[in-house]
Amino acid sequence: MGISFKEVSHYYPTSKKKQYTVAFDILNLNINKEGEFVSLVGKTGSGKSTLIQHINGLVLPSKGNVEVCGKTITPNKAKNPKMKEIRKQVGFVFQFPEYQLFEETVLKDIMFAPKNFGQTIEEAKQSALEAAKILKIDNEILEKSPFNLSGGQMRKV
């Protein structure tokens, strides 16, 4: 299962009553392949971040539905699934990911998300080692401080 936007619109309120700014209007998008990597490119203010925030339910659509891994996010907050389950399925790489490093070792930094989703320390370590292997992060780097890495290594971590 993938990600699907069906007739999705998002409007931001303005300081003036009953007026809004359109982030995007009547958006249809399908990302079908499992394991697919997708890049979103556009000018500043074109709605990229707003679109991404819909995938994790950080913001809700003003109109339409977003389907993520078989779960539907609607404008009605009460009818939406638990976002934690969706957030386990979809990851983000922010524009400056190296600014989000904070642990004392690279391995502990990579373990943060799995631990945050309820994995034990040992499970989180195994998940982190698997992720490091997929990303070809050398084992000797895992015990280093993330602040002693090159800029490119920090972004990869």
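Over the protein chain as a whole the average pLDDT is 88, and 98% of the residues score at least 70. Where pLDDT is low, predicted coordinates should not be read in detail.

The strands considered here form an open sheet of 4 strands, arranged in the order β2-β1-β3-β4 and paired in the antiparallel sense. Strands β2 and β4 form the edges of this sheet, each of them pairing on one side only, and neighbouring strands are turned by 25 degrees against each other on average, when direction is ignored. The antiparallel pairing between β1 and β3 extends over 5 bridges, and Ser9 stands opposite Lys63 of β3.

Helix α1 (residues 48–55) contributes the buried residues Thr50, Leu51, His54 and Ile55. Viewed down the axis of α1, these buried residues fall within an arc of 150 degrees, and they therefore line one face of the helix. The buried residues of α1 pack against strands β1 (3–13), β2 (20–31), β3 (63–68) and β4 (71–73), and also against helix α2. Following α1 is Gly57, a residue with a positive phi near 70 degrees.

Key
Residues numbered from 1 in each chain as written. Predicted model: local features only at pLDDT ≥ 70, side-chain atom pairs only at ≥ 80, totals over all residues. Heavy atoms only, no water. pLDDT = per-residue confidence, 0-100. Buried < 20%, exposed > 50% of the residue type's maximum accessible area, 1.4 Å probe, protein only. Helix = DSSP H or I, 4+ residues; strand = E, 2+ residues; numbered from the N terminus. Arc of directions from axis to C-beta. Contact = heavy atoms within 4.5 Å. Pairing = 2+ DSSP bridges. Axes fitted to C-alpha atoms, helices over the stretch in contact; angles between N-to-C directions.
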